[in-house]
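Grab a viewer and work through these exercises with the coordinates open. Each one sets a task, then walks through a solution.

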Amino acid sequence: MSICPIQPFSPNIISDVQNMGCFEFMQHAIEAGTLTAIIAGITGYFVVLRRSAFTAHAFSEIGFAGAAGAVVLGIAPLAGLLAGSILGGVAIAILGRRVSNRDTQVGIVLAFSLGLGLLFINLYRGGYATATYSILFGEIIGVSSWEVNLTAVAGVCIVVAMGVLYRPLLFASLDEDVAEAKGMPMLFLGTAFMLVVAVTVSFAVQVTGVLLIFSLMVTPAAASQYLSKRPNRVIAISVALALLATWIGLFVSFYTNYPVSFFITAFAFGAYLLVRLVHWVASPQKPATPAPATSPR
Amino acid sequence: MEKLNRVVVSRTNSQLIEARNLTAGYGEKVVWRDGNFSFGPGEFVAIIGPNGAGKTTLFRMLLGLQHPVAGSLSVLGGPPKRGNPRIGYVPQRHLIDSETNVECLELVRLGLSGKRWGFNPFSAGERDSALVALESVSAIELAHRPLGALSGGELQRIFLAEALVSNPDLLLLDEPLSNLDLKRETDLLHLVNDVVRKRHVTALLIAHNINPLLPHLDKVMYIANGKIATGKPGEVLTSESLTALYDVQVEVLRDPHGNVAIIGVEEHHGDMR
């Protein structure tokens with residue numbers, strides 16, 4: 001195994017990327033980031049379509065309490081994260097979609113979870129600040145090969161699950177009442193989807209942290225909604241945007257030494273703004289220009 | 001030969017919906033009782049009555065989402081069962097979020113195959129069926145428009161196409177006319193009437209105002225105060241028949257244009273205009 005040379009950023013992007021990929025920790029980061037971006041891009045579409053963004057965020061905060069609890073107990077934070085968010089997901093699914101869209105209650109649970117996480121972190125004496133910081137803002141650079149493998153397994157499971165659920169979930173998300181009348185298993189669909197979101201959130205936390213989860217779960221999907229009216233295409237674009245934000249974020253972070261999570265958030269946000277701007281310019285009916293008088297209303 | 005005749009006879013006698021002493025309610029609470037009615041193929045039926053009288057409850061029972069408290073109900077030759085593909089349903093809306101940037105064709109196709117598991121892209125056949133359904137509600141030009149950008153009337157046509165795409169024998173429309181202005185209300189009614197006549201489908205339509213419906217209807221069902229009256233509009237909507245049913249003085253007023261207003265049973269039904 002060769003020792004990687006520490007080279008500064010050069011105008012030759014290809015050699016820059018090769019240099020970055022030489023480091024094992026960067027390989028792990030790229031692998032975990034790529035897998036996470038794919039599942040977050042897919043799941044994020046339905047999160048946006050079902051207006052469950054706030055709920056998804058709540059999962060990550062419940063996961064924070066779980067992860068912090070795991071740190072206290074000396075277990076892998078990821079295990080606590082998964083346990084916390086899955087528990088939250090199942091609870092919200094059973095309470096029903098109408099409940100899950102209630103901002104107030106979700107916000108109350110979210111705040112309490114964050115507080116609980118703070119208590120657990122306080123109980124943990126070793127590396128108080130580091131543990132908190134990495135859970136809240138991501139620690140993609142410190143991902144182990146074991147965690148990469150686990151992310152791959154979870155990623156395959158989620159892609160398969162979303163493939164199976166795709167059409168009924170789309171139907172139930174667009175037209176809940178008709179889907180129910182047609183005999184769709186609504187509780188099963190809701191629970192299965194919440195589980196998928198919970199697992200996706202847990203792995204995305206590795207990359208972006210609890211507080212920046214939206215940058216992968218919501219922003220790419222929200223931006224791609226403006227680029228196509230076909231759900232399967234929107235999902236493809238959403239995955240592409242999430243991947244781009246992650247890759248460029250890792251690359252820029254590697255050469256600037258500023259946090260990866262910031263750059264992923266920034267590039268996702270930049271893409272969103274750009275898409276909205278292009279959409280606004282290209283859209284035929286702008287609110288500023290008076291519409292031609294077609295109907296009396 | 002004799003057998004063939006019998007089949008034909010039984011077909012013409014068969015009713016799509018048949019209720020005997022039907023009682024509707026939730027648990028202990030009875031909403032209405034002693035419902036006796038039957039509807040045959042190709043009938044256009046309006047269901048009117050005050051809010052909370054149990055109109056939607058009837059739909060929920062027909063769809064198999066709710067069980068009758070007592071009595072018998074048969075739908076399409078059997079007990080109501082959830083997910084019956086021969087029933088097309090347009091629930092009371094619920095508007096679509098204005099940010100939903102999904103094209104209408106997608107929703108109509110889901111009406112045909114949304115129940116199927118798996119990430120199978122829509123086939124050309126499904127696409128054609130969806131386009132035919134859109135055509136039949138004069139909404140072909142909306143096929144690629146985003147759902148979130150539609151007006152109330154356009155949305156109702158898309159929902160109707162979504163319900164029609166699986167070629168149902170029975171169409172249940174829950175207040176499709178609410179939130180529509182007079183012009184769009186008339187347009188949608190003509191459209192539903194066309195669908196009923198051309199496709200020979202039975203349509204039950206819940207409405208607040210009976211008058212715009214009167215020229216099209218075969219039957220009317222009036223639900224109020226826990227009781228149901230069903231029959232031809234001219235027979236049901238008279239002072240005598242409703243007074244006899246409700247044991248209170250009910251007045252059915254008619255203006256020179258044939259519009260009716262029902263006075264005496266809680267709120268009145270039918271605006272004279």
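**Exercise 1. Work out how H13(A) and H14(A) pack.**

Step 1: helix H13 (residues 231-256) and helix H14 (residues 260-282) of chain A have axes that come within 8 Å and cross at roughly 135°. Helices here are DSSP runs of H or I with at least four residues, strands are E runs of at least two, and both are numbered from the N terminus. Axes are lines fitted to C-alpha atoms, for helices over the stretch in contact, with angles from 0 to 180 degrees between N-to-C directions.

Step 2: that angle makes H13(A) oblique to H14(A). The classes are roughly parallel under 35 degrees, roughly antiparallel over 145, roughly perpendicular from 65 to 115, and oblique for the rest.

Step 3: on the H13(A) side the contact includes Leu241(A), Leu244(A) and Ile248(A), and on the H14(A) side it includes Phe263(A), Ile264(A) and Phe267(A). Contact means C-beta atoms, placed from the backbone, within 7 Å. By class, this contact has 12 nonpolar, three polar and no charged residues (Ala, Val, Leu, Ile, Met, Phe, Trp, Tyr, Cys and Pro are nonpolar; Asp, Glu, Lys and Arg are charged; the others, Gly among them, are polar).

A word on the ground rules: this is a predicted model, where local features need pLDDT of at least 70, side-chain atom pairs count only at pLDDT 80 or more, and totals for chains, interfaces and linings use all residues. Residues are numbered from 1 along each chain as its sequence is written, while chains are lettered from A and ligands numbered from 1 in the order in which they are written.

**Exercise 2. Describe chain A as a whole.**

Step 1: count the elements, and you get 14 helices and zero strands in chain A.

Step 2: the radius of gyration of chain A is 20 Å, close to the 19 Å that the globule rule gives for 297 residues, so chain A is as compact as a globular protein of that length. The radius is taken over C-alpha atoms, and the rule is 2.2 Å times the number of residues to the power 0.38.

Step 3: buried residues make up 50% of the 297 in chain A (buried means 20 or more other C-beta atoms within 10 Å of the residue's own, exposed 12 or fewer, partly exposed in between, with C-beta atoms placed from the backbone).

**Exercise 3. Which residues have a positive phi without being glycine?**

Step 1: most residues other than glycine have a negative phi.

Step 2: Arg51(A) has a phi of about 55°. Arg51(A) sits in the loop between H2 (24-49) and H3 (53-73) of chain A, and counts as partly exposed with 15 C-beta neighbours inside 10 Å.

Step 3: Glu175(B) has phi near 50°. Glu175(B) is in the loop between strand E6 (170-174) and helix H6 (182-199) of chain B, and with 18 C-beta neighbours inside 10 Å it counts as partly exposed.

Technical notes
Two residues are in contact if their C-beta atoms, placed from the backbone, lie within 7 Å.
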